[in-house]
Amino acid sequence: MTTIVPVSGVGFRPHDVIVGRGLLAELGARVAPLAQGRTVVVTDEIVAGLHGKAALASLKAAGVTGRLLTVPPGEGSKSFAELERVIDRMLAFKLDRTDVVVALGGGVVGDLAGLAAALFMRGIDFVQVPTTLLAQVDSSVGGKTAIDTPRGKNLVGAFHQPRLVLADIDVLATLPERQRRSGWAEVLKHGLICDAGFFDWLAGEGAAGGAGDPAALERAVVRSVQIKSAVVGEDEKEAGRRALLNLGHTFGHAIEAELGFDETRLTHGEAVALGCALAFRFSAETGLCPPDEAKRVGTVLEAAGLPTRPGQAGPLRAAALVRRMAGDKKAEGGRLTLILARGIGDAFTAKDVDAAALTAFLEREIAAG
Ligand code: NAD
C-alpha cells in the first residue's frame, strides 16, 4: 500500500511525501512530469552500488535522461569542496533551470544535493529519495539543507523544499542494523513528542519495525512523516513548535560533541535516544513528568537496543555538558532552554531551566554509570 502525506505550510510550495514499497522502480514515472530535460542523481558510493542501477533504469524506462553523480559516503561529503564539485558536475552536464536533481541516499546526500539544488542557477527543483530510516523519517522532510564547516555542523545551508519525496521501505532492507536502530530512535522521538498512542504501538506490536519488519517500518515511517510535516507546516523556520523536534537533541548533541562526534562510539540516533531518556528523567526529577512514564521511556528505548545511560556512551563531565547545552555560554548559576516533557506524547519548550539543577542531575547520572 502506498500512502501520500501532503506537506504544506506558510511560505513554501506544497508537495507530497510518498511512502510505500517498490517506489524506486516508480522513480522515473514520478520524476518525468517534473523534469523537462534531464536529471542528475546525486548519491554516495555505497548507495550507488546498491540502488544506483535501479534508479537509472527506472528513469530510462520513463524516458528521462539521468546521470549518477557520486560522492564519498559519510559526513565528510557535507563540505564546501564536495558542494563545489557537485555544482561543477551539474554545470558540466549542462543542467538548466528546468532540470531536476534527485537526492538518492541518507541525510548526508539529501543535505548536500538539496543545498546544491538551492544554489544552482538560484534554485532548481529537487526530489528526495531517502534511503536511510533517519532520512525517511527526519531529514528528507522539512526543507532544511546544509553542509558543515570546520567550525561546526550544518552551519552553511538554505531552506529549500523538495518537489517530491519518495520513501521506499524496500531500500531499507540493505541498511546496516546499527543505522536502522539509529533511525528508530527518531521514530520513537516522534511518539514521545506528541503522540502517546503511536508510542504505545511502537512499544508493542510496532517494535518489529525496529528489528526490520517492512510492514511495521512502513507504518512507523508514515506516522513519523505525518508528525514531522505537521510541525514543519506550522513553523518552517523553527521559531516555535518546530523546536519540539529537538527533543533529546540538546542533551544528545552535547554528548556527541564531548565524544568528538565519534560515530563508532555513539551514532547520532543513539545520542538522541540517550538524550530522550535524560530529558524524561530530568522532567521526572523536577516534578514535571510522572516518574513511571520516564521509567517506561527508558525501558522501551533499551528494548530497541538503544542506550539510555551516560555510562554507555563514554567518559563525560556534567559541567562540560551543561556548558555545551547552553551554547557554550557560561551557564552555571544561569538559566537555559530545553525541550522537556509533562509525560509521554507531551513535550514542551522549557525556557527557564536551572543550570545548577541540571548540572547536579547530570553528575548523578554520570556517577550512576
Ligand atoms: P548517511 O547519509 O551518512 O548514511 C549513513 C550510511 O548509510 C552511509 O554510509 C550510507 O552510504 C549508508 N546507506 C544509506 N542508505 C543505505 C541503504 N539503503 N543501504 C545500505 N547503506 C545505506 O547518514 P544519515 O544517518 O542518513 O544522515 C545523517 C545526516 O543527516 C547528518 O549529516 C545530519 O546532519 C543530517 N540531518 C539532516 C536533517 C535535516 O533536516 N536536513 C535532519 C536530521 C539529520
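Where does Arg-342 lie? Arg-342 lies in the loop between strands β10 (335-341) and β11 (347-354). Helices and strands here are DSSP runs, numbered from the N terminus: helices are H or I runs of at least four residues, and strands are E runs of at least two. The residue is partly exposed, with a relative accessible area of 45%. For this label, buried means under 20% relative accessible area, exposed means over 50%, and partly exposed is in between, using a 1.4 Å probe and protein chains only.

The model is predicted, and local features need pLDDT of at least 70, side-chain atom pairs count only at pLDDT 80 or more, while totals for chains, interfaces and linings use all residues. Residues are numbered from 1 along each chain as its sequence is written, and side-chain values use heavy atoms, with hydrogens and water left out.

## The ligand and its shell

There are 26 residues around the ligand, and those that come nearest are Asp-44, Glu-75, Thr-131, Thr-132 and Thr-174. A residue is near a molecule if one of its heavy atoms lies within 4 Å of that molecule. By class, the shell has nine nonpolar, nine polar and eight charged residues. In this scheme Ala, Val, Leu, Ile, Met, Phe, Trp, Tyr, Cys and Pro count as nonpolar, Asp, Glu, Lys and Arg as charged, and the others, Gly among them, as polar.

Which elements each supply at least two residues of the shell? They are α2 (45-61), α4 (107-119), α5 (133-139) and β8 (152-159). Helix α2 gives the most, with four residues.

| Residue | Protein atom | Ligand atom | Distance |
|---|---|---|---|
| Asp-111 | polar side-chain atom | nitrogen | 2.9 Å |
| Lys-144 | polar backbone atom | nitrogen | 2.9 Å |
| Leu-175 | backbone N or O atom | nitrogen | 3.5 Å |

On its own the ligand has 860 Å² of accessible area, and the protein covers 86% of this. Accessible areas come from the Shrake-Rupley method with a 1.4 Å probe, and for residues only the protein chains shown count as cover.

Thr-131, one of the residues that come nearest to the ligand, is placed in the loop between β6 (125-130) and α5. Is Thr-131 buried or exposed? Thr-131 is buried, because its relative accessible area is 6%. A polar atom of its side chain lies 3.5 Å from the backbone nitrogen of Gly-106.

## The second largest pocket

The second largest pocket holds about 160 Å³ of space. The search uses a 1 Å grid over the protein atoms alone: a pocket is an open set of points where a 1.4 Å probe fits, with protein on both sides within 12 Å along at least five of seven lines, and lining residues have an atom within 4 Å of a point. Grid points are joined across faces, edges and corners, and the volume is the space filled by probe spheres set on the points.

The lining includes Arg-281, Glu-285, Pro-291, Lys-295 and Arg-309. The largest share, six residues, comes from α11. The lining divides into three nonpolar, two polar and five charged residues.

## Residues in loops and strands

Arg-122 is found in the loop between α4 and β6. Its phi is near 65°, a positive value in a residue other than glycine. Arg-122 counts as exposed because its relative accessible area is 79%. Phe-261, in the loop between α9 (249-258) and α10, also has a positive phi, near 50°. Phe-261 is partly exposed, at 37%.

Leu-104 lies in strand β5 (residues 100-105) and is buried, with 0% relative accessibility. Pro-315 is found in the loop between α11 and α12 (318-325), and is exposed at 65% relative accessibility. Pro-315 and Glu-258 are 57 residues apart in sequence, and their C-alpha atoms are 8.8 Å apart in space. Arg-342 and Gly-114 are 228 residues apart in sequence and 36 Å apart in space, C-alpha to C-alpha.

Technical notes:
Polar contact = N/O pair within 3.5 Å; in protein donor to acceptor, adjacent residues only side chain to side chain.
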